[in-house]
Structure formats: C-alpha cells, structure tokens
Amino acid sequence: MNEPQWLDDVEMRAWLGFVRTRDLIAAAIGRDSSRASNLTYVEYSVLANLADSPDHRLTFADLAERLEWSQSRLSHQITRMEKRELVVREPIPDDARRTAARLTSRGAEVLGTAAPAHVQSVRRHMIDALDRDQLCALADIYDTLLAHHRRPAEEV
C-alpha cells in the first residue's frame, strides 16, 4: 500500500479555507434569507433555478443537474415546497416516466420578495469582502474546479 501524499501547509490552508468559508457563507446567507423571506437557502436555490428556465419549468433530471443534487433529494425537497404552494409537479406529456417541477405564481412572488435581500446578503458575506482582482482570481479558480469535476469520470 502506498503512503498517502499528505497536504503541505499551503494545501491545508487552501482546503480548510474552502471548507470553512463555504459553510460560514452558506449559513450566513441562509439565516439572512430565512429572516427576510421565510425561505431557506435551498428553497431559494430551487425557486431561482426554476425562475431562470423557460416557462419556469424544468424536468427533475435537469433541475437536479443544475443544483448538483440527486433526484431523490430533489424529490423530497419539491414535496416540502409543494406543501407551501411554491412549486408544483407536472407530468411530461410525451414521457410518463419523467416529471417536471414548475414555479407557481406564489413561488414567483416569494422569490421576487426574497431576491433583493438575497443579493444584498451575498454581497455582504462574500462579494464586498474581496477586491476586484480577488474576485476575478476566485472566479477563475472556481471555473477550473468546476470544469475538473464535470469531466467524464474516465478522465478524472
């Protein structure tokens, strides 16, 4: 068995910095979102993705892919959001095996109310803490990491 290649100090700082800030920022934005609009961060993400889609509708497969979730997790989340009348499930007319989620008018209204507070929170907890060069570098880093993880499995 090969000895693991342990992380050096810079690698450990990068890894722990990512993990800690991801959790702290998501929690802070989630708290702000819940206070401002009674939406969780997860609910906001679902509604925003549906709002950005044609007819405010996406198949479960497409929505799960956008959110980078399993379809099972998405199904449970949609069930909770249906109870609040934020979304509805719709059959796909030409494929009985597939289902879509559609943003309701109530969901669009709640999202419209939540969006200004959400962007203000994102700015406060992340964007405004960095200068433009840092933001550009961070965006480039995340583009690289996303491209790496979205490659076919045999290439990774």
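Trainee: What should I know about the model before starting?
Mentor: The model is predicted, so local features need pLDDT of at least 70 and side-chain atom pairs count only at pLDDT 80 or more, while totals for chains, interfaces and linings use all residues. Residues are numbered from 1 along each chain as its sequence is written, and side-chain values use heavy atoms, with hydrogens and water left out.

Trainee: How many salt bridges are there?
Mentor: The count is 10, where a salt bridge is a side-chain nitrogen of Lys or Arg within 4 Å of a carboxyl oxygen of Asp or Glu.

Trainee: Which residue does Asp-32 meet in a salt bridge?
Mentor: Its partner is Arg-124, at 2.4 Å from N to O. Asp-32 belongs to helix α1 (residues 9–37) and Arg-124 to helix α5 (residues 105–125), so the pair ties together parts 92 residues apart in sequence. Helices are DSSP runs (H or I, at least four residues) numbered from the N terminus.

Trainee: Is Asp-32 buried or exposed?
Mentor: Asp-32 counts as buried at 10% relative accessibility, whereas Arg-124 is partly exposed at 46%. Buried means under 20% relative accessible area, exposed over 50%, and partly exposed in between (1.4 Å probe, protein chains only).

Trainee: Which residues are linked with Asp-32 in a network?
Mentor: Arg-35 and Arg-124 are linked with Asp-32 in a network of salt bridges.

Trainee: Changing topic, which residues of α2 meet α3?
Mentor: Ser-45, Val-46, Asn-49 and Leu-50 of α2 meet Leu-63, Arg-66 and Leu-67 of α3, contact meaning heavy atoms within 4.5 Å.

Terms used
Helix = DSSP H or I, 4+ residues; strand = E, 2+ residues; numbered from the N terminus.
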